[in-house]
2 protein chains.
Amino acid sequence: MIRVLLADDQALVRGALAAMLNLEADLSVVAEVSQASEILGTARAVHPDVALIDVQMPGVDGLTAAAELHRLLPAIRIVICTTFGRPGYLARAMAAGASAFVVKDAPPAYLVDTIRRVHSGLRVVDPGLAAESLASGASTLTPRERDVLSAAATGATVGDIARQLHLSAGTVRNHLSAAIGKTGARTSAEAARIADSNGWL
Amino acid sequence: MIRVLLADDQALVRGALAAMLNLEADLSVVAEVSQASEILGTARAVHPDVALIDVQMPGVDGLTAAAELHRLLPAIRIVICTTFGRPGYLARAMAAGASAFVVKDAPPAYLVDTIRRVHSGLRVVDPGLAAESLASGASTLTPRERDVLSAAATGATVGDIARQLHLSAGTVRNHLSAAIGKTGARTSAEAARIADSNGWL
DNA sequence: CGAAGGGCATGACAAGTGTCATGGGGAAGC
DNA sequence: GCTTCCCCATGACACTTGTCATGCCCTTCG
């Protein structure tokens, strides 16, 4: 019996996934959490074989939590599950020690199959997404460029960002200009959109 | 036995929801579709009692499809289901003839309960979301303002938008300026973000 | 009909943004 | 120790954006 821990912030999706997985004779959902911060403690308590973790969660994101889980409890296999098949997410998931990466577009049988494979020690990655990930390449954004882009993505002006990050307006413009160049965008708003859609923020 | 039609673009979520609903003795998922454009034809073929429709779908969105379904097959009760509890979505869903509006944060039992209530002729709306919807009020954006904001949301510049909509740059600036005023934003990027988060686009 | 309001447009001004050149300080690597 | 790269900053310039006044055409509505 493969013991599964479910982490997803949307109760409806989480419950539905649990129902589906429990239909499989060799799978058992032994815990459900709605926040990334609860993953570690729950994992210590219930000793799951596999943790199915969503990327998008309030507070700490799933990838960060996955990295911590893998560092402290390496015996637990991690399957990262996400709505958005962003290349950057895949790269970060694998770097975090995940054994598999599943997009929510995939057929249900694929997820079940993935959990079984992962439990037997294999790594599972969607080939199409892997290709896209390699094609788009890793982000060349510097940490500071990420900071200003993240702020810009919320619609903040140069002045707002400068105040938020305690920088001069000129510096913010420089970082934004660099980010615009690297993303191939023509405005900071477009650069933020591109970086976000690649999972770089 | 309540016959349910499921419409959600994410195969994993769709399959999981189907598994969960089929566990209920009085519910039966009789059809699953992944695109809004397939809803009407499938509904005609299988005669469901209730249609559970996600807002976010590629191509035609769920709300538009729901309106059409309700117009042509008014006997079918419609439950709108969405990840984002945006006030505008609720308003548009009710205007489209939906009988219920469920956020994916809700507990699984709530969805099952909602389907039963809807089938018996009741309308079900999350009280918190209804309050928020009334508080934020309806969009006062004109159709043209929505157009330019939608384009701006993708990171397009004033010039880009002008070419896309076959307008002069000055006109685009006027519409954007009006939208900025109505949303209380300070830049077009922020206005687009606000309008989107309210479900006005 | 006449008024009101949305869509479209122009022109002009102030403010914000993108780019570039330039320079200082600090950390990492050969 | 020197180079390289990132971070931070300044200043200047061209360009884009946001605002406002003004006007015309059209549809809707009392």
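This report describes a predicted model with protein chains and DNA strands, going from the sheet of chain A to chain B and then to the DNA.

Residues are numbered from 1 along each chain as its sequence is written, and chains are lettered from A, with ligands numbered from 1, in the order in which they are written. In this predicted model, local features need pLDDT of at least 70 and side-chain atom pairs count only at pLDDT 80 or more, while totals for chains, interfaces and linings use all residues; side-chain values use heavy atoms, with hydrogens and water left out.

## The sheet of chain A

Chain A holds an open sheet of six strands. Their order is β2-β1-β3-β4-β5-β6, and the pairing is parallel. Two strands count as paired if DSSP finds at least two bridges between them. Strands (E, at least two residues) and helices (H or I, at least four residues) are DSSP runs, numbered from the N terminus. β2 (27–33) and β6 of chain A stand at the edges, each with a single partner strand, so one side of each has no neighbour in the sheet.

| Strand pair | Bridges | Sense |
|---|---|---|
| β3(A) and β4(A) | five | parallel |
| β4(A) and β5(A) | four | parallel |
| β5(A) and β6(A) | two | parallel |
| β1(B) and β2(B) | six | parallel |
| β1(B) and β3(B) | four | parallel |

A:Val50 stands opposite A:Arg77 in β4(A). A:Ile80 stands opposite A:Phe101 in β5(A). From β4(A) the chain passes through α4(A) to β5(A), a right-handed β-α-β crossover. Right-handed means that, with the strands pointing away from the viewer, the path from the first strand over the helix to the second runs clockwise.

Further along, A:Ala100 stands opposite A:Val124 in β6(A). The crossover from β5(A) through helix α5 (residues 108–119) of chain A to β6(A) is left-handed.

β5(A) is covered on both faces. A:Ala100 and A:Val102 are buried on one side, A:Phe101 and A:Val103 on the other. Buried means under 20% relative accessible area, exposed over 50%, and partly exposed in between (1.4 Å probe, protein chains only).

A:Ser99 sits in the loop between α4 (87–95) and β5 (100–103) of chain A. A:Ser99 has 8% relative accessibility and therefore counts as buried. Beyond its neighbours within four places in sequence, its contacts (heavy atoms within 4.5 Å) include A:Arg77, A:Met94 and A:Val124.

## A strand and a helix in chain B

Five of the six residues of β1(B) are buried, so this strand is largely enclosed by the rest of the structure. The bridge partner of B:Leu6 is B:Glu32 in β2(B). B:Val4 has B:Val50 in β3(B) as its bridge partner. β1(B), helix α1 (residues 11–22) of chain B and β2(B) form a right-handed β-α-β unit.

Helix α2 (residues 39–46) of chain B has B:Ile39, B:Leu40 and B:Ala43 buried. They cover an arc of only 95° around the axis, which puts them on the same side of α2(B). The arc is taken from the directions from the helix axis to the C-beta atoms. An α-helix has 3.6 residues a turn, so residues three or four places apart point the same way. The buried residues of α2(B) pack against β1 (2–7), β2 (27–33), β3 (50–54) and α3 (62–72) of chain B. B:His47 follows α2(B), with a positive phi near 50°.

## The DNA strands

DNA strand C is surrounded by 18 residues. Here a residue is near a strand if one of its heavy atoms lies within 4 Å of it. Sugar and phosphate make up 63% of the atoms of DNA strand C that come within 4 Å of the protein. α9(B) gives the largest share of the surface near DNA strand C, five residues.

Polar contacts are pairs of N or O atoms within 3.5 Å; within protein, one must be able to donate a hydrogen and the other to accept it, and residues adjacent in sequence count only if both atoms are side-chain atoms. A polar side-chain atom of B:Thr142 lies 2.5 Å from a phosphate oxygen of DNA strand C. A polar side-chain atom of A:Asn174 lies 3.0 Å from a base nitrogen of DNA strand C.

DNA strand D is surrounded by 18 residues. Its largest share of nearby surface, five residues, comes from α9(A). A polar side-chain atom of B:Asn174 lies 3.1 Å from a base nitrogen of DNA strand D. A polar backbone atom of A:Ser168 is 2.9 Å from a phosphate oxygen of DNA strand D.
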